[in-house]
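This report goes through selected features of one protein model, element by element. The sequence and the structure come before the details.

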Amino acid sequence: VSRDVGNIRELQTQQSAQGEALRDARTHVPKDRLTGLYSRAYFDDVLAREWAASGLVSRSLTLFLFDVDYFSNYNETFGHGAGDSCLRLVAQAIRSCFRRDSDLCVRYEGQRFACLAASMGSGDAIEFAQMICNRVKELCIHNPRSPISKYITVSGGVAALKPGPEETVALLTDMAESALAAAKSEGGDKASGCPPQGD
């Protein structure tokens, strides 16, 4: 019994050390100056490493993409300074929903954000992404020229995939992009999975 308990404590100590090492490593990574989130370059590096690690343990990865709806309308109405403030608020709202040390949120490009999580089922992930869309809308950032809402909204695309002989990290990204495009084509202010729900 003492050996078993000792092994468990040793494993817990190793996991704690790994978590601290990850946090320490991330404190030295250049971040996006506007939002404070991690950079796209860092995301691409982590995604490749996490994909390889997930393949070794047969674990799925879930990729979330969020895009601010009608953001150009907001910029044209209030100016780029207000647009920058809007993106910071949206980034904070999205980031606050991903609380595990292993979760990663980045500014993907422009008004688009990407988040990476492990071991989350497709159905749960889509529901989670919809909750994030709702949370952004609840910020009540006025966007009077949006045709879908008087407030700033985001659309979300979700894809979950387990590495395999025919499953690649590029496929995961393409699936998330397709899901986001589906959400946009359906009017925005919603989350969609790939293939979209209902197919």
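## Aromatic pairs

In this predicted model, F64, F66, F98 and F128 are linked into a cluster by ring pairs. The structure as a whole holds eight aromatic pairs. One of them joins F64 and F98: with ring centres 5.3 Å apart and planes at 75°, the pair is edge-to-face. F64 belongs to strand 1, whereas F98 sits in the loop between helix 4 and strand 2, so the pair ties together parts that are 34 residues apart in sequence. F64 counts as buried, at 0% relative accessibility. F98 is buried too, with a relative accessible area of 2%.

A second pair consists of F71 and Y74, which are stacked, 6.3 Å centre to centre and with 15° between the planes. Both F71 and Y74 are buried. The two residues are three apart in helix 3, which separates them by about one helical turn. An α-helix has 3.6 residues a turn, so residues three or four places apart point the same way.

## Helix 3

Helix 3 covers residues 71-78, and its buried residues are F71, N73, Y74 and N75. What do the buried residues of helix 3 pack against? Their partners are strand 1 (61-68) and helix 4 (80-95). After helix 3 comes G79, which has a positive phi, near 95°.

## Strands 2 and 3

Strand 2 spans residues 104-109. Five of its six residues are buried, so strand 2 is largely enclosed by the rest of the structure. Strand 2 runs antiparallel to strand 3 (residues 112-118), and five bridges join the two. E109 has R112 in strand 3 as its bridge partner. Two residues lie between the strands of this hairpin, and G110 takes a positive phi near 50° there.

A118 is also part of strand 3. Is A118 buried or exposed? Its relative accessible area is 13%, so A118 counts as buried, the cut-off being under 20%. Leaving aside neighbours within four places in sequence, the contacts of A118 are R59, S60, L61 and R100. A118 and W51 are 67 residues apart along the chain, while their C-alpha atoms are separated by 9.8 Å.

## Cysteines

How many disulfides does a search of the whole structure find? The search finds zero. For C105, the nearest cysteine sulfur is that of C115, 3.3 Å away, and C105 is in no disulfide. The cut-off for a disulfide is a pair of cysteine sulfur atoms within 2.5 Å. A disulfide is a covalent bond between the sulfur atoms of two cysteines.

C105 is buried, with a relative accessible area of 2%. C140, by contrast, counts as partly exposed, at 40% relative accessibility.

## Charges over rings

Two cases involve a charged side chain and a tyrosine ring. The charged end of K31 sits over the ring of Y38, at 4.9 Å from the ring centre. The charged end of R40 sits over the ring of Y108, and here the distance to the ring centre is 3.8 Å.

Key:
Residues are numbered from 1 along each chain as its sequence is written. This is a predicted model: local features need pLDDT of at least 70, side-chain atom pairs count only at pLDDT 80 or more; totals for chains, interfaces and linings use all residues. Side-chain values use heavy atoms; hydrogens and water are left out. Buried means under 20% relative accessible area, exposed over 50%, partly exposed in between (1.4 Å probe, protein chains only). Helices (H or I, at least four residues) and strands (E, at least two) are DSSP runs, numbered from the N terminus. Contact means heavy atoms within 4.5 Å. Two strands pair if DSSP finds at least two bridges between them. Rings of Phe, Tyr and Trp (its six-membered ring) pair if their centres lie within 6.5 Å; planes under 30 degrees apart count as stacked, over 60 as edge-to-face and the rest as tilted. A charge sits over a ring if NZ of Lys or CZ of Arg is within 6 Å of the ring centre and within 35 degrees of the ring normal.
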